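Trainee: Could you take me through one part of this model closely? I would like to look at a sheet, strand by strand.

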Amino acid sequence: MSDDSHALKPEKSLLGLMRPDHSRGWVDWLTTVDHKKIGIMYGLAGLFFFIVGGIEVMLIRIQLAQPELNFISAQAYNQLFTMHGTTMIFLGAMPLIAAFFNFMVPLQIGARDVAFPRLNAFSLWVFMAGALVLNISWLFQLFYLFGWFDPIGGKDIVPSVGWFGYAPITTTEFSGIGSDFWVFGLQILGIASIAASLNFIVTILNMRAPGLTMMRLPVFTWMALVTSFLIIFAFPALTIALLELMFDRLFETNFFRVEQGGQPILWQHLFWVFGHPEVYILILPAMGIISEILPAFSRKPLFGYPIIVFSGAVIGFLGFAVWSHHMFTTGLGNIATAAFSLLTMAIAVPTGVKIFNWVGTIWGGRIKFTVPMIYAVGFIWMFMMGGFSGIMHSAAPADAQQQDTYFVVAHFHYVIIGGIVMALFGGLYYWLPKITGKMWEGKLGYWAVGFVVVGLNLTFGPMHWLGLLGMPRRTHTYLEETGFGTLNLWVTIGAFILAFGLLMVFIDMIILLRKKKTAGKDPWDARTLEWTTDSPPKVYNFHATPVIRSRDAYWYHKHGTPEQKMGWEDEGKGIHMPSQSWFPLLIGIGMAVMGTALSLHSGGVPFMGYIGIAGIVIVALGSYLWVFEGPGGYHIHPDEETSDDNS
Amino acid sequence: MNRILKGMGKFLGLIGILLLAGCDYQSRQSTFDPKGPVALRQLELFNLTVWVCTFIFIFVGGALAYAVWKYRERKSDDPDFKPKQSHGNPLVEIGLIVASILLLVVIAIPTLDAIWYTHDTPDDEASKLGAWYQGELSEGAETEVLEVVVYGLQWWWEFQYPQLGITTANELIIPVGKVVHVELRSRDVLHSFWLPKIAGKVDTIPGRANSMWIQADEEGHYYGQCAEYCGESHAYMLFRADALSNEDFHKWVEHQKTPPKAPDGGDDWGAWISSVNANPDSVKGDDVLEGASLFYSKTCVVCHAIQGAGIAGIGGPDLTHVASRKTLAAGWLDNRKETNDESGDAEIDPEIQLENLTRWIYESENIKPGNRMYIGSVGVQNGLNTLKGTPNEITEEEARKIAIFLQNLK
Amino acid sequence: MSDTAANVDDHGSHSLNTATGIDNKKLLMWLFLGSDCMFFGTLISTHLIYRKLYPVVEMPPTKIFDIELTTFSSFILLLSSFFMALAVSAIHKGQLKSYRTWNLAVILGGLVFLGGQVYEFQHFVHAYDFTIWSGTMGSTFYLLTGTHGCHVAIGVLILISQHIASYRGRLNTSNAMDVEIAGLYWHFVDIVWIIIFTAVYLVEYL
């Protein structure tokens with residue numbers, strides 16, 4: 001047989017275009033529908049924006065190092081903390097979580113891809129569009145500084161309204177086109193999140209391997225499911241709130257404009273109906289990662305698996321019932337305050353249960369102190385600290401002193417860095433050998449986690465004090481007489497230590513990437529299905545469909561009784577792979593054009609309205625072509641390591 | 001940069017002391033030093049939560065530390081050892097759930113009690129105006145406690161006393177030991193009224209009236225600050241509260257109700273204005289008079305009000321007794337030498353006050369970026385920046401003259 | 001073209017072999033509708049909150065609303081739901097002709113409803129000067145009913161696309177699921193209209 005007979009013929013698409021199957025290089029990445037490649041792109045974007053947000057906050061910390069400094073202007077400070085929050089949550093943490101969902105969920109459930117591969121690509125490119133719209137505002141701010149650009153609304157070009165953009169500061173009267181970038185950016189990111197979540201739910205519910213019942217799912221996948229449900233029910237509230245705000249800004253409607261009867265408090269309710277579940281959207285996947293790492297390195301099953309799963313679901317459910325605890329100082333009235341106070345305390349119970357069960361998992365095990373395990377144990381400590389200040393907030397009258405101070409900042413950074421970031425980096429250390437096929441060596445990872453833990457405690461520990469000593473958050477500077485100077489310097493030094501630790505993590509990752517592939521299928525002697533695949537996994541993941549006979553299937557396959565061994569199902573027809581597509585990317589481009597142009601339109605830049613409409617037309621066209629293109633597909637025969645067209 | 005280096009030295013010296021004595025570390029906005037019943041109750045509740053959390057921390061953290069130590073893999077261990085694959089223990093689980101619910105109940109009950117206590121203005125007979133206030137009151141006010149309407153504005157505070165007919169700015173004066181009912185409002189964006197030593201914060205929200213009650217148990221000068229992000233100069237939106245003895249409070253009210261003297265020293269502002277109109281040159285050579293006429297001609301009067309002078313501008317702080325205020329620019333500029341005074345005894349230093357007033361008029365943008373006096377309010381009133389290059393531009397010399405005039409508004 | 005059809009077949013048979021037994025696309029639509037409930041829930045609560053907060057408005061809605069017309073167009077929309085069910089059943093049986101008839105009826109119903117809404121909007125604006133700027137009531141009313149109108153319009157577009165596909169031989173019993181999913185969407189949009197009609201129109205007459 002000549003090579004030609006194996007050559008892959010790309011499938012025809014609409015408009016005489018070829019589907020870019022079997023391309024190589026950047027075309028392959030731009031048009032891929034492979035969940036692993038999409039996951040990697042999400043991950044790279046997340047790490048990139050993590051650095052961007054980090055640089056933003058280091059500028060903030062320098063400004064606050066001493067009283068009455070003027071290292072950056074007040075307006076720039078406001079823009080930095082707004083973009084720091086928005087970037088870290090929507091462009092740092094969420095894509096990193098999406099990266100793990102994308103890469104790991106199909107592997108953990110024994111599937112060859114997600115349920116809707118092109119929808120997955122759509123989510124990725126729409127996410128990229130949203131990130132672009134938010135951050136392109138820095139470019140225009142630069143143009144403004146050079147004097148090339150002077151929009152209506154003046155210097156306020158990068159969003160400066162805080163990450164929760166409380167009305168009415170977001171209306172045209174009080175802020176410039178920064179708010180437009182913020183509205184369109186978040187709106188587009190919301191579309192991406194909802195689409196991705198719908199996809200994950202269908203994937204997890206429908207594409208499980210035979211024998212993998214719901215109560216045998218790895219906890220990370222369970223948390224992915226709960227998180228996805230939270231996203232599809234929470235994001236609509238934000239989308240509508242942003243839609244109303246967008247109408248206020250573009251068409252001067254009256255949703256939040258006070259002089260016309262608009263109620264700013266409505267924004268807060270709508271935002272936190274989204275915003276509180278969002279907190280759990282971030283923390284539940286982190287808990288899922290921890291629930292994978294702890295059993296793997298304690299060499300023991302998760303303690304109380306059903307209770308961990310159930311408490312995750314309860315947290316998700318209760319997460320919708322506590323939003324007003326962000327608003328204890330807005331004059332809710334006694335009854336509402338009391339109700340939300342008690343519900344908030346109630347949510348501490350399932351959270352506590354998880355911590356008990358993690359301790360129970362370690363108990364009686366044989367703990368291997370690998371880097372991911374140190375992150376996981378560190379997570380339990382740090383998350384517990386964040387949880388405690390959370391309980392303190394739930395007592396509403398005490399919260400009246402803490403709300404909007406550095407105490408709150410300390411609280412949510414313990415939860416986000418001590419919790420989410422520790423878990424995500426632990427997850428990176430745990431899964432990067434699977435993703436890259438290369439194995440960690442050396443001690444740098446241990447040093448890094450040490451610096452991260454010390455740095456984060458030095459940074460956020462003193463912030464508790466600062467808050468209780470009366471320092472409000474989001475202040476550009478403070479008078480020398482307040483006495484906040486010493487602690488703030490301490491915090492700044494801590495922040496640099498933390499940043500140094502994180503930098504070491506990045507260096508460690510770069511070192512890893514330059515190594516030879518040595519990881520093998522199962523470097524950790526782990527428990528779940530993803531470790532049965534090659535490292536990195538082949539494009540089709542599994543050469544045959546795995547058949548599951550127990551929870552922690554792979555562990556029992558390796559170490560259990562013969563009847564616990566996994567089976568493999570192969571119909572011998574070859575593996576059906578979906579075709580690649582240009583149209584998700586096209587839709588993403590349309591969204592980016594639309595968001596940027598409409599934001600500039602509200603700054604009075606000529607012709608931008610038309611370009612915005614052109615963007616919408618691109619989106620509509622892309623969607624239509626996508627639908628009529630169909631999923632396509634071709635077959636691969638893994639045994640021969642060749643594939644051919646399905647004709 | 002020098003400041004950072006100097007601070008570094010200070011930091012290294014202090015780090016040990018702070019570690020030892022963290023709890024004693026105080027500031028003038030500290031919530032650990034309550035001077036009123038509301039703040040006290042809030043602190044007590046906070047302390048309770050700290051105790052409960054410490055208890056849980058010792059229990060869970062101890063278990064975690066023990067487990068991590070006890071079950072670690074030692075060098076001598078067989079690397080392939082497989083511990084017993086146990087799946088959980090329902091009794092332990094249920095026990096822990098019940099225990100955590102019980103601990104939360106310990107917090108929940110005092111929380112509920114405190115929610116009602118800190119929010120509902122107490123019906124305190126001794127605090128009702130009829131019981132202690134001797135001056136003139138609005139109708140029906142005898143049976144009410146003192147009411148202050150607080151307006152949070154970008155980026156300053158307005159305090160109105162509807163029962164007494166007084167309006168002032170940035171410095172809240174309250175009688176010591178009396179319940180004061182505070183109504184919180186806003187005309188622009190969200191702000192939050194926070195006097196840490198007296199009471200926790202409540203937001204001021206446009207289109208809505210919030211309320212709270214405060215009471216200061218000790219005479220003194222209290223420091224407060226806006227706690228809700230409200231735009232560019234949020235950090236510069238401070239305020240002060242003075243708790244005065246009954247006698248001093250009466251004196252203060254009387255003083256507030258008396259219009260300030262006209263620039264020429266007389267009582268009749270109208271007469272002075274017509275004399276200046278008749279003879280504009282009569283102000284020449286006298287800083288107060290020149291300042292006063294500049295105050296009129298440079299459009300200050302559009303936004304600022306001076307009672308008794310027939311000046312009733314809206315949008316900016318009422319300047320009727322501006323010279324009697326200890327601070328300027330919403331607390332950012334202090335007119336006293338002893339800037340950290342908490343007793344309330346520190347006096348205004350006229351030289352510092354003059355310098356502050358001059359700077360504030362001449363270069364307010366450098367003190368409080370984005371302030372309305374500088375940038376104006378779009379379509380309503382020009383700010384000082386739009387006056388630049390026009391005949392109405394204020395020079396530093398003119399600013400000083402206006403400041404001298406304002407210093408007369410005691 | 002036949003290639004693509006074969007693919008769709010292939011994919012269809014794969015997807016029925018799911019862990020829950022529910023078709024992937026159908027599950028996706030159900031989940032989307034769940035999410036959509038939150039969209040409309042937020043919009044309807046915004047409307048009701050402002051309506052309760054400002055019970056007295058310059059232009060009483062009972063004076064503006066042409067309740068007979070809206071009732072009629074609501075009835076047509078409901079009727080179209082019934083036709084939709086018939087169309088789905090027809091395509092399952094492979095009766096392409098009957099499917100086309102009923103589908104056309106659904107499309108017409110949707111268009112009549114949309115026409116009614118367009119007429120209603122322009123009538124409110126011209127006769128009563130009730131616009132999106134008329135207080136909070138105007139803003140919430142137009143955003144809510146407008147969003148619903150967009151849903152109906154998208155539904156009509158989907159149905160028309162399927163109608164055209166049926167003439168090109170791309171619609172048959174094997175992908176009847178696509179019609180069923182469009183049907184799910186259509187029924188949902190109708191049910192939401194019942195809620196909106198009650199919460200926005202009928203309550204004003206209490």
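Mentor: Happy to! Let us begin with one pair of strands in chain B: β1 (residues 146–153) and β2 (residues 156–161) run antiparallel and are joined over 5 bridges. Strands here are DSSP runs of E with at least two residues, numbered from the N terminus, and two of them pair if DSSP finds at least two bridges between them. Within this pair, B:V149 has B:Q160 of β2(B) as its bridge partner. As background, strands of a sheet pair through backbone hydrogen bonds, either parallel or antiparallel.

Please keep in mind that this is a predicted model, where local features need pLDDT of at least 70, side-chain atom pairs count only at pLDDT 80 or more, and totals for chains, interfaces and linings use all residues. Residues are numbered from 1 along each chain as its sequence is written, while chains are lettered from A and ligands numbered from 1 in the order in which they are written.

Now widen the view to the whole sheet, which is open, has 5 strands in the order β3-β2-β1-β5-β8 (chain B), and shows mixed pairing. At its edges stand β3 (166–169) and β8 (210–214) of chain B; each has a single partner strand, so one side of each is left without a neighbour in the sheet. On average, neighbouring strands of this sheet are turned by 25 degrees against each other, direction ignored; the axes behind such angles are lines fitted to C-alpha atoms, for helices over the stretch in contact, and angles run from 0 to 180 degrees between N-to-C directions.

Finally, where does chain B sit relative to chain C? Chains B and C do not touch, and their nearest C-alpha atoms are 12 Å apart; contact between two residues requires C-beta atoms, placed from the backbone, within 7 Å.

Conventions:
Helices (H or I, at least four residues) and strands (E, at least two) are DSSP runs, numbered from the N terminus.
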